[in-house]
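Please find below my note on the structure under review. It is arranged as numbered points.

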Amino acid sequence: MNWQSMKIEEVLKNLNTDIDKGLDANEVKKRQRIYGKNLIEEEREINFFKKIIEQFSDFMVITLFIAAGISFIVSVVNKNNDYIDSIIILLIVFINAIIGITQEKNAEKAINSLKKLSETPIKVLRSGIEQRVISENIVPGDILLLETGDLICADARLIKTQKLKTEESALTGESLSVSKNENTIFDEKTPIYKIKNMIFSSSFVTSGRSIAVVTATGMKTQVGKIAKLINKNSTPPTPLQTQLNETGKMLSMATMIICCIVFILGLIQKADILEIFMIAVSLAVAAIPEGLPFVVTLALASGVKRMAKKNAIIRKPNSVEALGNANVICTDKTGTLTQNKMSVIEIRNIKGIINDNDAKEIINCSVLCNNAKQKISCISGEPTEKALLEKAIELNISKNSLEKEMPRIKEIPFDSSRKIMTTVHKTKNRFITITKGAPDFLLELCTKYKKGEQVFNLSKNSLKDIKNNYEIMASRALRVLAMAYKETTIENTNENNFTFLGLVGIADPIRSGARKAVRLCKEAHVKPVMITGDHILTAKAVARELEIIKKDSEAISGSQLDKIGQKDLEKNIFSYSLFARVLPEHKMRIVKAFQSRNAIVIMTGDGVNDGPALKAANIGCAMGISGTDVAKSVSDMVLTDDNFSTIVETICQGRGIYENIKKTIHFLLSTNIGEIVVIFCACLFHLPAPLLAIHLLWINFVTDSFPALALGMDPIESNIIKTKPSDPSQKILSGTMGLNIMTEGLGIGITAIIVFIIGSNLFDNYPLEPIVGRTMAFVSLGLSQLIHAFNVRSKKSIFKTGILTNKKLVAAVIFCAILQIIVTLIPVLNTIFKTVNLDFPQWCIVLAATTIPIIISEIEKFAIRNKYA
Ligand code: ATP
């Protein structure tokens with residue numbers, strides 16, 4: 001249907017809906033059955049089998065399959081029983097793939113359900129009552145009540161508008177806001193970007209308000225029709241993931257070279273070609289850390305879950321890593337550092353404080369030019385406006401009676417760039433225009449002032465008097481609003497020639513815990529920066545109390561900022577901790593300036609105009625309670641409690657997760673190197689293979705993977721906040737971590753080879769297969785790697801960190817140790833794994849060997865502690 005060409009009445013009739021009541025519950029249910037959910041179907045989920053194929057399309061895994069196939073055919077031809085080997089190898093790889101896929105799916109699910117949490121329900125009129133409904137339940141015929149910052153979730157025909165502007169870039173590519181109104185009719189061939197009497201799904205309200213009726217939902221909307229054309233945004237890899245991919249490639253190359261050498265040496269030594277080929281391929285598969293990027297994803301996903309419990313919803317899991325590295329937090333004041341529970345505590349006119357009786361006219365104006373609503377049980381609205389209405393109620397002034405006497409006929413809404421709001425009211429024979437807002441902005445529009453019943457011209461001296469009063473209030477941390485009005489005979493929306501009435505001082509107490517969080521921030525080497533739309537004196541008073549600033553020179557106002565060039569700002573940016581009376585565009589300059597000095601910036605925001613700054617920051621953080629849909633939709637993280645302390649907590653979590661990822665990398669790489677060392681040394685010294693292909697794969701895919709996953713979820717160390725944020729440009733394997741991985745890998749590998757030499761010399765009868773030696777090497781390598789998982793948990797001694805602090809790791813290690821031991825105990829497994837039941841002396845040697853990684857790691861930790869002590 002061509003809704004744009006119809007009159008409003010026709011639209012409503014066709015949609016069978018009532019503008020004053022909306023749909024009722026039964027009708028909504030009926031329509032939901034007919035039209036389905038209001039969802040844009042994204043690309044169908046890649047199905048399970050496709051995912052399995054993806055897992056097996058890895059080059060190394062394919063090679064392993066081919067190798068296992070060759071081994072199978074040769075053993076069938078030779079009529080020996082060795083084909084069991086190939087079957088088991090395939091089974092291990094297969095089970096590993098299934099575990100991988102299910103975990104990936106779980107991670108995806110967790111993230112998707114968290115995304116839903118950050119959505120704000122849409123305001124609609126149903127059964128005559130304003131209600132909030134989640135967007136997927138909207139149906140054609142629903143009456144939408146839209147205001148600045150709302151996301152538009154369906155196509156709709158406008159019914160009433162007040163200075164409505166929307167941004168439709170998702171649909172039209174045009175990022176400038178377009179004005180919309182209900183009046184004009186457009187013919188059916190009008191292109192979408194020219195249709196002004198309709199609004200479209202996936203755009204948002206940049207200013208004004210509107211009532212609209214939904215005409216299409218889900219795939220029937222304009223954006224639904226082109227959904228298939230829109231590329232889904234794929235998340236770019238994090239710096240750490242990129243680094244890991246590079247490191248992985250490097251290690252793969254090195255492993256391949258080593259495998260070739262092993263194979264060639266085996267040929268020279270006239271070993272069984274098939275056996276040495278299988279060992280070389282398995283070593284490559286086992287030692288190449290292709291699972292690392294995946295471990296990172298899982299650790300990030302578990303972090304995302306943990307943060308949701310702490311009131312932070314991470315919309316883009318990759319930003320967890322950046323959170324750990326963040327070193328500047330640019331935060332709003334109102335609601336984040338303060339409680340956003342505002343109350344009027346002082347009213348002044350030009351001469352100073354006035355009592356409630358004299359303040360009645362000011363209060364009357366403040367409730368007329370006010371969108372807060374008085375309901376039976378509560379007052380709803382924006383906190384500043386609620387405070388004004390509460391004051392009126394305290395003085396027995398009824399907003400409803402005032403509005404009956406002087407109905408509002410026009411509104412120019414408040415926005416944080418203009419910092420004022422204006423309404424026009426009609427009385428019997430006149431019009432009254434009322435404006436309220438930041439005094440420094442509003443006084444420029446006034447030409448007179450009122451004292452008592454008399455009106456005077458606003459001279460320089462009187463302006464000075466008003467300013468004095470205003471500064472007294474602001475320096476006591478009060479938010480100050482000026483009130484002004486003008487009377488006209490015809491309707492007048494021009495914001496000029498006002499008569500100043502008075503100043504209202506609103507208190508907003510500091511949040512409990514905010515001061516502690518600021519202190520914690522400093523201890524964490526993160527610079528707290530306050531950015532506020534409030535006056536510099538109000539802001540300074542709050543910032544001093546919170547210890548964000550100590551000296552006046554650390555504060556700067558938006559107008560001073562305008563006089564500084566970007567280069568100078570960049571040079572001095574770290575000397576500022578407070579930006580006051582800023583406009584949204586200043587936020588962008590501030591982010592850029594910090595980033596030019598290599599800072600990783602968290603920026604909070606709530607309004608429509610904060611979008612660009614939220615996007616530009618390394619982590620855009622929207623407010624869950626007071627934030628607009630738009631701010632939330634572009635942010636990386638949403639705070640469900642709007643609290644500054646939560647941001648500091650997320651930094652802690654981010655750092656902990658980064659550390660956990662590093663621990664997992666440390667563990668996997670050092671154990672892989674251990675395996676390479678065993679095989680390589682054996683080749684170099686002409687020893688028979690100390691481990692068979694199946695042993696290598698077992699250790700890697702079974703005994704290593706569970707502890708690695710548990711390490712990714714290690715509890716966060718309590719003093720993590722006191723460590724310095726890591727520098728993302730620094731290579732992860734540079735410095736001590738790389739060295740530790742090498743020494744520990746060497747230690748683990750050499751120990752296993754020594755166990756093999758002792759075992760095969762003492763307990764095997766040459767020239768038979770060194771079966772006891774192999775079993776001992778296999779078990780000691782498996783167990784020592786398990787023990788090693790506890791070493792990598794902390795830079796502190798294992799005896800200080802305690803073993804039981806990560807219960808998942810304990811469970812994983814015990815489970816894997818049991819599996820490892822079972823392989824030697826059960827006769828069937830003995831046949832499959834070519835192992836034997838070890839006797840007491842053999843077990844003693846194996847267990848003694850498993851303590852070696854602890855000794856090496858403790859020596860290392862001791863050396864590092866003393867070096868940096
Ligand atoms: P912060 O950045 O600390 O959260 P803010 O974003 O609330 O502050 P703005 O919304 O830009 O800051 O408000 C700045 C000034 O605008 C206030 O100091 C006040 O004087 C004025 N103001 C705030 N709300 C209104 C309103 N609803 N109507 C008129 N003026 C207002």
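1. The model is predicted; local features need pLDDT of at least 70 and side-chain atom pairs count only at pLDDT 80 or more, whereas totals for chains, interfaces and linings use all residues. Residues are numbered from 1 along each chain as its sequence is written, and side-chain values use heavy atoms, with hydrogens and water left out.

2. The chain holds 33 helices and 26 strands (DSSP runs, H or I of at least four residues and E of at least two, numbered from the N terminus). Its C-alpha trace spans about 115 × 65 × 45 Å along the principal axes.

3. Of the 869 residues, 53% count as buried (under 20% relative accessible area, 1.4 Å probe, protein chains only). Among contacts (heavy atoms within 4.5 Å) between residues at least 6 apart in sequence, 71% join residues at least 24 apart.

4. Of its 37 lining residues, Glu659, Lys662, Thr736, Met737 and Lys795 are the closest to its centre. Helices α24 (644-684), α27 (736-763), α28 (771-791) and α33 (852-868) each supply at least two lining residues.

5. Glutamine 785 lies in helix α28. Glutamine 785 counts as buried because its relative accessibility is 0%. Beyond neighbours within four places in sequence, glutamine 785 is in contact with Phe667, Thr671, Glu675, Ile699, Asp704 and Ile748.

Conventions
Buried means under 20% relative accessible area, exposed over 50%, partly exposed in between (1.4 Å probe, protein chains only). On a 1 Å grid over the protein atoms alone, a cavity is a set of points where a 1.4 Å probe fits but cannot get out, and a pocket is an open set with protein on both sides within 12 Å along at least five of seven lines; lining residues have an atom within 4 Å of a point.
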